[in-house]
Amino acid sequence: MKKENEEKKDKKVRKKKKGALGTLHLFQHICFAGAACLATVVLLSSFVTVEGRKDAETFFFDMGDTNTEFEDSMVFNKLLGRDISDIICYGAIRSQMETDGKFDPKKVIDVTAFDNRYSGIAGEYITARYYLEDLLKWAQYGFETEETYMTGEEADQFLSRTREVTYVEGNVDGGSYLNTDLEQKVRVVDVSGNVLSDPENPIRDNVTVNILKNRYHTVDGKNIEDYVSSWEEYTALRDHVQSAAEDLLINYNEYLTYQDYYDSGNSNFVYFVRRTTGDQTVVYSNENIKNKSMDALTAQLQEECSRYLIYDPQNMSFITNTKVQEKTPRYVLNGYSYAYPDDTQILVGVKTGYKEADAFQTAKNAYSQYSPYLWQNLIWIVLLGGLYLLLMVVLTAAEGKAVMLENGEKKVLLKWEDKIPTEIMLVLAVVTGELLVILGYQGNRLLKTVTDEFAEGRPLTCGLALLYALLVSGGFSFFYFSLVRRIKAGTLWKDSLLAELVRISRRAGSYLYGHANTTLRVLIPSGVLLMAVLISILIAYRATAGTTVVLILMLILIGILVIISLLRAAVGRDRILTGIKKMNAGDMNYQIPEEGLTGDNLVLAREVNHIGDGIREAVAISMKDERLKADLITNVSHDIKTPLTSIINYVDLLKRENIEDEKVKEYIAVLDAKSQRLKQLTDDLVEASKISSGNIILHFERIDLIELLHQSIGEFSEKFEGRGLIPVLRTENGSACIEADSRRIFRVIENLFSNVIKYALPGTRVYIDVEDKNSESGTLVQVAVKNISENPVSVSGDELTERFIRGDESRTTEGSGLGLSIAKNLTVAMKGQLDVKVDGDLFKVILQFPKLEEQKETEQ
């Protein structure tokens, strides 16, 4: 109920505070969203993203282009320069793939020359020639090699070292190749007459080499080992074949993308690449070529395109009405010198009608919507951004600030999200951030897909940017201000899973430490058994290799679970044993906790608790009977005291009368003695009843036991003399101070001396010894009263301190049987201890009280 009232008060205070902060939060989100919307307008009006041959590419508009035509802008000229670079690369690839302007799968490829096309190659080299389609298929399938061991004879035979091989000059794609015939058993020489191999000197060494699996054969129907005479040559030619095939496959895929992207039906870009080798002229173009001459191509280009560029190194001519410089095509051509002669001519242009949906058309549409209010928007963005940051500072100071509750307590009010564990909140923040990034990226791509015209897509883009900015700002504020409140409330660590893990570990450590004996008793044998099982499994695993790692881990997990189960069972048994011991010690209200107990332990704990319930019920009944008995004694004693007082008074009056009859005097003396005894018995009963019911009030003060004993001996001196008893007081020190109730401690001494006078053997000494005793709780003052009993004592010392128990079973002596019981109960009430010991006729009563320290005496 108290907790509910506190929550209601917290909600009331939080509601008042939420109104003011909520307005600031809303204004902050509006500032962020406004800045984001204006930034979107600026960005969309300042750049354009166009789809390239492979990926999208972004071009920013130059502010100086505002009043120029699109064809004079930097974006147009950058796009033109990019396309010039592409078609030069495309032309180089077409030279590898085509014959007479068409794809030729039977085109012959010199693999060594092709692989060294960038770096160049010597005039004489070893090579092999393959058809283009074979190399492409081979690269798609993959090259396979096999490690093979060969003897020297097998190596000679494999490398065809007995064939005549001579180098000759040839011209295949601008390179040289190796010519062979099949005449046997002649030396291998080069054109300079150097001997490369000799049948008389075969390979002697055994080797292990990687042999290429020849999936396809050369144009001559041979394999690469038919062209070499050493392992170095074989390895080099094998690598040339693989490298050339893989490069050709890459170029083939590029060839297809170039072909599609720059097709005349897909692009406003027009190109002619004119290359002359000897008397053969080849023209690569995406248009129908009317005439291959330079003049005809120039006229055709200028007819179709209003913007063009003509690069003619053969005639030392460069003509353009664009901003692209001459160095652009020249620089790109230098990178493909292996494919283009120095006098290669490049003619490119753009159809400015922009009928085809390509990059030029997209850029043209975006350029027409260039923002005229760029600087004004930028100023507003800076102002809104600054205001957002200012509000962030203000709200950071306000959030999590301690407020004064109605009860005067200061408290940091937390929201529901602040009670989520810190690590989970961190994960949620990361996931939310990732989702927002993905959402923004996918939303941007979607807008590019559905909006062809910028003018139509801008309002939608700005609206979505506004919504997205609100989501970002709201998400950031949600997690950031929760972090601020946690830090200020000091719950960042306290409410974390790691802190909970530390707390659990501490409890587990404390639990194991508190049950150290049980833990060792269970863990040691279980651990030994588990180790033995693991060793057996590992031996079996090494012997049969049939046991998997997963099985070993499963057995380890099962072993750990079994150990935990045994440990819990043992701890449960210890808990039950502890409960039984506490009940046995007298704590009948103790209940064995049943949480965490299972099986037999749970059943046993419940039964023990039921036994405790029964004992408590029996004790309660016994205590009730005892209270009834005490009340009965008190009431009866009170009822007896009224007539007894009258009897005593009248007997006293009779004693004062001058009665001469001796018989009557004897009767009056008997009445006086018996009435006094009855009065003493009644007083003892009332005293015993008060003590047993706890209905006494003690006033503790400093008491010197030695001084008290001297006074008591003096008061009882006549009675001691009447019985012929000689009290002997023996002390170690001059004083023995304790804390006790003066009237009650005197009653204790009085009862002890009265007991001695009644039951001690006449004519004997009574020894009273006072000394200090050391104990675990400190120094004790001990008083021992020792005497010789007149009659044999047939009961034990413990029984003598019970009520109505007397050492004189014949009950011939005066006494109620309550003296020692009252003395013991009063002693215990004053934090002392009374013990009775009987050794034959020796009767000994020992009193012990905590000694009053000197410092405490001084304070008192």
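This is a predicted model: local features need pLDDT of at least 70, side-chain atom pairs count only at pLDDT 80 or more; totals for chains, interfaces and linings use all residues.

Mentor: Residues are numbered from 1 along each chain as its sequence is written, and side-chain values use heavy atoms, leaving out hydrogens and water.

Trainee: In what order do the five strands form the open sheet?
Mentor: Strands of a sheet pair through backbone hydrogen bonds, either parallel or antiparallel. Here the order is β21-β23-β24-β26-β25, with mixed pairing; strands are DSSP E runs of at least two residues, helices H or I runs of at least four, both numbered from the N terminus, and a pair needs at least two DSSP bridges. At the edges, β21 (726–731) and β25 (833–839) each pair on one side only.

Trainee: How many bridges join β25 to β26?
Mentor: Seven, and the two strands run antiparallel. V836 has V845 in β26 as its bridge partner.

Trainee: Which strands does helix α20 touch?
Mentor: Contact means heavy atoms within 4.5 Å. Helix α20 (residues 742–759) packs on the sheet and touches β23, β24, β25 and β26.

Trainee: Is L471 buried, exposed or partly exposed, and why?
Mentor: Buried means under 20% relative accessible area, exposed over 50%, and partly exposed in between (1.4 Å probe, protein chains only). L471 lies in helix α12 and counts as partly exposed because its relative accessibility is 42%.

Technical notes: Axes are lines fitted to C-alpha atoms, for helices over the stretch in contact, and angles run from 0 to 180 degrees between N-to-C directions.
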